[in-house]
Amino acid sequence: MPSKFLVRGLLIFFFWLPFGAVVSHVHAEQFVTVLVAYHSMTGHTEKMAQAVADGAQSVPGTRVRVERVENVTAEVLFSADGLVVGSPVYWSNMAGEVKTFFDNWQFKFGVWPEFKMRNKVGAAFATGGQVSSGKEVTMLTILAAMLGNQMIVVSDGGAFGASATTEGKSPGIDQDELADARALGKRVAEVAWMVKRGEIHHAEAVQ
Ligand SMILES: Cc1cc2nc3c(=O)[nH]c(=O)nc-3n(C[C@H](O)[C@H](O)[C@H](O)COP(=O)(O)O)c2cc1C
């Protein structure tokens, strides 16, 4: 005859087992992390970065981190669920600092051959002095680097991401441009949640 303590212990164990599984499931789903990484010399792209972060933060359960590209570590990069990269336009393309950031994914962080950024959600934003002098190329080259890393790229604010014109007849960053940047951050957080929930359900389905 099993002792009453053993029976009680077994009852408690089997009662808590499914509950524990539910609790760990909830913990795994509790938050997603969005990293906003940018380069900025005179502050315009930084202002857009903050608005992107505000948009991501508006999605419940989202943790947001804003870093200049040179300060992003491998741990910060690889633990993010979503990544939004911003650059000023330099000669109709992304700034060298942002290109170096992408190149360092391999040189410093060893992103390949495992494709460590695979299935993270990516997006781009840019600021440029002139209306039509490279903002879309800048965003597209950022997205191209993400696609090469098998990330899932999304847009909002504009067709290729959020952008702002900062010189001439449109100096600084206006409210519409900030709203575009917030919309982009919100979209990245929302899709990061969709991917995370999908991964959890997929893992449960194949168990
Ligand atoms: C070296 C250099 C090249 C630039 N080339 C372009 C360009 O090709 N097209 C453009 O629209 N703006 C160009 N600009 C202007 C910047 O993109 C613009 O001022 C930007 O908003 C600066 O961002 P920041 O304030 O975050 O540094 C250039 C600026 C610099 C310093």
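**Getting to know the fold**

Biologist: Which elements do the buried residues of α5 pack against?

Modeller: Those residues are Lys135, Thr138, Met139, Thr141, Ile142, Leu143, Ala145 and Met146; buried means 20 or more other C-beta atoms within 10 Å of a residue's own, with C-beta atoms placed from the backbone. Packing here means contact, with two such C-beta atoms within 7 Å. The buried residues of α5 pack against β3, β4 (93–94), α4, β5, β6 and β7.

Biologist: Before going on, what sort of model is this, and how many helices and strands does the protein have?

Modeller: The model is predicted, so local features need pLDDT of at least 70 and side-chain atom pairs count only at pLDDT 80 or more, while totals for chains, interfaces and linings use all residues. Residues are numbered from 1 along each chain as its sequence is written. Helices (H or I, at least four residues) and strands (E, at least two) are DSSP runs numbered from the N terminus. From that end the order is α-β-α-β-α-β-β-α-β-α-β-β-α, which gives 6 helices and 7 strands.

Biologist: What is the bridge partner of Gly86 in β5?

Modeller: Strands pair when DSSP finds at least two bridges between them. β3 and β5 run parallel and are joined by 7 bridges. Within β5, the partner of Gly86 is Phe125.

Biologist: And which residue of β7 is the bridge partner of Ala126?

Modeller: β5 also pairs in the parallel sense with β6 (residues 152–153), over 2 bridges, where Gly122 stands opposite Val153. With β7 the sense is again parallel, over 4 bridges. There, Ala126 is partnered by Ser163.

Biologist: Which element gives the most residues to the largest nonpolar core?

Modeller: This core has 51 residues, with Val34, Val36, Val52, Val84, Phe125 and Val188 touching the most other members; a core is a set of buried Ala, Val, Leu, Ile, Met, Phe, Trp, Tyr and Cys residues joined through C-beta atoms within 7 Å. Elements giving two or more residues to the core include β1 (32–38), α4 (96–107) and β7 (162–165). The top contributor, with 8 residues, is α6.

Biologist: Which residues does Phe125 touch, leaving out those up to four places away in sequence?

Modeller: Phe125 is one of the residues touching the most other core members. Its partners are Met48, Val52, Val84, Gly86, Met139, Gly161, Ala162, Ser163, Ala181 and Leu184.

Biologist: Why is α2 called largely enclosed, and what covers its buried residues?

Modeller: It is enclosed by the rest of the structure because 10 of its 14 residues are buried. Among them are His44, Thr45, Met48 and Val52. The cover includes β1, β2 (62–68), β3, β5, β7 and α6.

Biologist: Which residues are closest to the ligand?

Modeller: The shell around the ligand takes at least two residues from each of α2 (44–57), β3 (82–90) and β5 (121–128). Of the 20 residues surrounding the ligand, the closest are Ser40, His44, Thr45, Pro88 and Gly128.

Note on methods
A residue is near a molecule or strand if its C-beta atom, placed from the backbone, lies within 6 Å of it. A residue is buried if 20 or more other C-beta atoms lie within 10 Å of its own, exposed if 12 or fewer, and partly exposed in between; C-beta atoms are placed from the backbone.
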